[in-house]
Amino acid sequence: MSEPPRRERPRKQPGGQSPCDPTDRGLSPVVGKALELGVGVLFVALLTATLFGAVAPDYRAAVGAELGDRTLAAAADRIEAAVPAAEYQRLDRRVTVALPATIRGDPYRIVATDGPPSVRLVHPDRGVGGRLRLDLPGSVTLAGSWRSVSPSRIVVDGTGGTVSVRLVDAPSADVDGSLPGPGREGLP
């Protein structure tokens, strides 16, 4: 029968010190905290990558499409409201339209088309956009476009029963040009 191997005790160094360096005693808490910090940073990085890689783009696309629909509907309402229902001998009207500067981070255009009068939202993202038919009298012609990054105005001119509606990008001084002359009926 053999004896189990004996564990050797660390020998004391001359002067009474153990073979381990006493400066190594503080190393393990530092390594532990560094590992905890590394795991925390890794967790935040994975969470951020997951949110911006999958969840946020889908949400952003849905919000962009909804904002585009609302912007187009608001523009159509403003154009329809700018045209008076009654007939005037002479008509000169300017209406300011406030549009969001960007949809889904990009500028866009609203283009008027005659034929059946309608407005179309043109955006670089294919998921944002649309066309909306306007409810305007048959004697109204519609033209022009707006860019979202510039001030937008509706200019309504009319003489003798025909009314022209233009979508114009310009500050109010450029659109107004001159004040209405005598005999011109201006609507607020």
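Predicted model: local features only at pLDDT ≥ 70, side-chain atom pairs only at ≥ 80, totals over all residues.
Ala, Val, Leu, Ile, Met, Phe, Trp, Tyr, Cys and Pro count here as nonpolar, Asp, Glu, Lys and Arg as charged, and the others, Gly among them, as polar.

**Stop one: the largest pocket.** Select Pro84, Ala86, Glu87, Ser139 and Val163, which lie nearest the centre of the largest pocket among the 15 residues that line it. The space in the pocket comes to about 170 Å³, and its lining divides into nine nonpolar residues, five polar ones and one charged one.

**Stop two: the salt bridges of Arg94.** Next, select Asp92, Arg94, Asp157 and Arg166, which are linked in a network of salt bridges; a search of the whole structure finds seven salt bridges. Then turn to the side chains of Arg94 and Asp157, which meet in a salt bridge at 3.6 Å, N to O. Because Arg94 lies in strand β1 (residues 90–97) and Asp157 in strand β6, this pair ties together parts that are 63 residues apart in sequence. Asp157, for its part, counts as partly exposed at 22% relative accessibility.

**Stop three: Asp169 and Arg147.** Now select Asp169 and Arg147, whose side chains also meet in a salt bridge, with an N to O distance of 3.6 Å. Asp169 lies in strand β7 and Arg147 in strand β5 (residues 140–147), so the pair ties together parts that are 22 residues apart in sequence. Both partners are partly exposed, Asp169 with a relative accessible area of 23% and Arg147 with one of 44%.

**Stop four: the nonpolar patch.** Finally, display the surface and select Phe43, Val44, Leu47, Leu51, Phe52 and Val55, which together make a nonpolar surface patch of about 620 Å². To look at one of these residues by itself, pick Phe43, which is found in helix α1 (residues 27–82). Is this side chain's residue, Phe43, buried or exposed? Since the cut-off for exposed is over 50% relative accessible area, Phe43, at 55% relative accessibility, counts as exposed.

Note on methods. Residues numbered from 1 in each chain as written. Heavy atoms only, no water. Patch = residues over 30% accessible without salt bridge, like charges linked within 9 Å, V, L, I, M, F, W, Y side chains within 5 Å. Areas by Shrake-Rupley, 256 points an atom, 1.4 Å probe, with all protein chains shown as cover. Salt bridge = Lys/Arg side-chain N within 4 Å of Asp/Glu carboxyl O. Helix = DSSP H or I, 4+ residues; strand = E, 2+ residues; numbered from the N terminus. Buried < 20%, exposed > 50% of the residue type's maximum accessible area, 1.4 Å probe, protein only. 1 Å grid on protein atoms, 1.4 Å probe; cavity = no way out; pocket = protein on both sides within 12 Å on 5 of 7 lines; lining within 4 Å. Points joined across faces, edges and corners; volume = space filled by probe spheres on them.
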